[in-house]
Amino acid sequence: VVVAIQSRTLASTTTNITMLSTTTNPTSERSTALLSSEDVEFVQQTKSLDSFLEEAYQNKTGGTKWGYWFLMGSLGIANASDASEILCLSYILTDESFRQTILHHTAWRGSLLASTVYFGMFLGGLLVGTLSDFPGVRGRRGRGRHSMLLAALWCNSIAAVLSAIAQNVYQLALLRAIAGLGIGASIPPLFTLTTEYAPPSQRGFFVTYVASFWMVGAIYVSLVGWLLLGYWSVSWRIFTVTCAFPTTLGAILVQFLVKESPRYLAVHGRYDEALPIIHWLGRSMKCHHNDNNDEPVMTLQDLQSLYTVSNNNNNNNNANTTSHTNLDRRCSGLSKFFRTTKDLYRGDLVRTTIPLQIVWFALSFG
């Protein structure tokens, strides 16, 4: 039942993401209303990234889309790693050797360990995770979703392995907080990548698919805990290292099988980097060329015309607000975070945002 509720909640979240994306999509009614008639006609003649993904996914001539499923599966394993790291502490706290050598049979030490993980998750999700959408300042490029997800997974993995050699509760609490930082930082870019990789008609399905791997991680920890701590009675330190395996595997898969979001690159003007990734996505869906078999399904001109018009329009709107522009340049990531958050509580979105937050808050007690 919990799995079904979580999957349904995440599927509903993609509806929020899709609705919110219309505020930044250059071809939306809200955006095109601010463009000239010539720009509107020019933009409407180009192929959008969503339409490319939809056409590529609906292509039936290439056979099974194994590459695309492996891509989404890699993101799923990255999600499973979060579950394994969060839940492993519940099994460690019940180990008699751990209670004697680390906790010294005191309740407050166990509470300290449990709280530090969630404190790290809070900081990671709120602060570090938002950097995945940071555009960069003073000529420096932003990190993007892929780099932040990879950094979060390796942070989680290294902290989890080092936890096995902790000598007291304070060292272990610090390492669990660092692991929690990686867990919290991985969630925003993980589901953002899933959403931006998926075609519009299948976003709810693929977000649910990736989210379902949380229970794969939970089942993995329960089986390993039953075998190592219960059946074979090995040290809790070996169990801790074993629980770090999904995180390490997820980091390796994300490193080699997942690339940066093409939408993120295109929005920030990095068209030459975005186009090869778009073609790579098309190949993973068994879609290579158009009917003439001599042109890519999506061209560099499509990307440049689609996103350049939007960026120029935003620049024109801010031409007379120099102080505001300077403020955006200095703290553009933070200001964008607050603007986007405010959009979630406006219009029709607020009717979806608040119930979803209530459901997530209630599920956390489980």
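**Close-up views of a predicted model**

View 1. The structure shown here is a predicted model. Its chain averages a pLDDT of 80. At least 70 is the score of 75% of the residues. Residues 38-44 have a pLDDT below 50. Beyond near neighbours in sequence, residues 38-44 have ten contacts in the model. Where pLDDT is low, the predicted coordinates should not be read in detail.

**View 2. Helix 5 meets helix 14.** Helix 5 covers residues 66-92, and helix 14 covers residues 271-284. The two helices pack with their axes 6 Å apart. The angle between helix 5 and helix 14 is about 110°. Angles of 65 to 115 degrees count as roughly perpendicular, so helix 5 and helix 14 are roughly perpendicular to each other. Which residues make the contact? Helix 5 brings Gly67, Tyr68 and Leu71. Helix 14 brings Trp280, Leu281 and Ser284. By class, this contact of helix 5 with helix 14 has four nonpolar residues, two polar residues and no charged residues.

**View 3. Ser284 in helix 14.** Ser284 has its place in helix 14, residues 271-284. Is Ser284 buried or exposed? Its relative accessibility is 9%, so Ser284 counts as buried. Leaving out residues up to four places away in sequence, Ser284 touches Lys65, Gly67 and Tyr68. Gly67 and Tyr68 belong to the helix 5 side of the contact with helix 14.

View 4. How many disulfides does the structure hold? It holds zero. The sulfur of Cys88 has its closest cysteine sulfur in Cys243, at 4.7 Å. A disulfide needs the two sulfur atoms within 2.5 Å, so the sulfurs of Cys88 and Cys243 are too far apart for a bond.

**View 5. His104 in a loop.** Most residues other than glycine have a negative phi. His104 has a positive phi, near 55°. Where does His104 lie? It is in the loop between helix 6 (96-101) and helix 7 (107-128). His104 has 46% relative accessibility, so it counts as partly exposed.

View 6. Ser233 is a residue other than glycine with a positive phi, near 55°. Ser233 is exposed, and its relative accessible area is 55%.

View 7. Leu181 is in helix 9, residues 169-197. At 28% relative accessibility, Leu181 counts as partly exposed. Leu181 and Tyr118 are 63 residues apart in sequence. In space, Leu181 and Tyr118 are 8.4 Å apart, C-alpha to C-alpha. What does Leu181 contact, leaving aside its neighbours within four places in sequence? Leu181 is in contact with Gly120, Met121, Leu123, Gly124 and Val128.

Definitions and conventions
Residues numbered from 1 in each chain as written. Predicted model: local features only at pLDDT ≥ 70, side-chain atom pairs only at ≥ 80, totals over all residues. Heavy atoms only, no water. Helix = DSSP H or I, 4+ residues; strand = E, 2+ residues; numbered from the N terminus. Buried < 20%, exposed > 50% of the residue type's maximum accessible area, 1.4 Å probe, protein only. Contact = heavy atoms within 4.5 Å. Axes fitted to C-alpha atoms, helices over the stretch in contact; angles between N-to-C directions. Parallel < 35°, antiparallel > 145°, perpendicular 65-115°, else oblique. Nonpolar A, V, L, I, M, F, W, Y, C, P; charged D, E, K, R; others polar. pLDDT = per-residue confidence, 0-100.
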